[in-house]
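Dear colleague,

Please find below the structure I am handing over to you. My notes on it follow directly after it.

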Amino acid sequence: MKIAVLVSGNGSNLQALIDAQTGFGSGKIIGVLSNKTDAYALQRAQDANIATAVISHQDYPNRESFDAAMQQQLLAWQVDLVILAGFMRILTPNFVSQWQGKMLNIHPSLLPFYKGVRTHQRVLNTGDRLHGCTVHFVTAELDAGQEIAQSALQVSPNDTVETLAQKVHQLEHVLYPQVVEWFCTGQLTWQHGQAYFNQKPLERPIQFAQW
Ligand code: GRF
């Protein structure tokens with residue numbers, strides 16, 4: 001199973017996936033694609049001898065042509081699974097539909113709460129006691145595809161955006177490799193437009209770990 005990881009930034013989740021990929025069975029990260037030339041994630045990929053590609057959205061007149069260029073690269077790599085790991089572009093419905101059931105994302109909140117950006121700040125503003133991260137299948141609507149698994153943490157009164165970001169990242173680095181392993185080993189599948197876990201329809205996200 002050939003895996004491509006799409007990134008835009010630091011790539012700490014990419015690093016966690018690289019470090020865990022011996023557990024992915026036949027799954028192997030064969031390419032890292034960035035829309036930013038200066039993403040540190042590219043360095044991480046090179047250090048791990050993984051092919052890289054940069055497709056800058058600024059070189060394309062619209063989302064459709066940018067996504068078409070990415071699609072071409074993914075097809076050239078003969079990818080079976082696409083992993084979004086801090087990839088900061090909204091994808092077109094046409095692109096997403098070509099990867100239905102084969103594209104995962106990690107989001108720094110307990111979805112369906114706090115879709116979109118600045119999740120830690122919004123959690124603090126609301127005064128929530130629980131926060132965390134979610135891995136989900138990607139559909140055309142932003143952060144709205146079926147949730148697969150979540151890790152939660154207790155928000156303490158002393159938490160700041162920075163401490164929450166750090167704690168959520170730690171949870172992500174365990175959760176994302178676990179979900180990818182489930183996918184690569186066939187425990188997690190996509191059938192008839194929905195997620196299955198151990199051959200049963202997944203009715204609610206798996207609660208993976210509590211802080
Ligand atoms: C993570 O918090 C992830 O949830 C979000 O973007 C961030 C990426 O961080 N989608 P990194 O680049 O993997 O360090």
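The expected span of a helix is taken as 1.5 Å times one less than its number of residues; helices (H or I, at least four residues) and strands (E, at least two) are DSSP runs, numbered from the N terminus. The model is predicted, so local features need pLDDT of at least 70 and side-chain atom pairs pLDDT 80 or more, whereas totals for chains, interfaces and linings use all residues. Residues are numbered from 1 along each chain as its sequence is written, and side-chain values use heavy atoms, without hydrogens and water.

Helix H6 (161-184) has 24 residues and spans 33 Å between its first and last C-alpha, close to the 34 Å expected. Just after H6, Gly186 adopts a positive phi of about 85°.

H6 also gives the lining of the largest pocket its largest share, four residues. A pocket here is an open set of points on a 1 Å grid over the protein atoms alone, where a 1.4 Å probe fits, with protein on both sides within 12 Å along at least five of seven lines; lining residues have an atom within 4 Å of a point. The lining comprises 36 residues, with Gly86, Phe87, Met88, Ile106 and Pro108 nearest the pocket centre. Helix H1 (12-20), strand E5 (103-107) and helix H5 (119-126) are among the other elements that give two or more residues.

Kind regards
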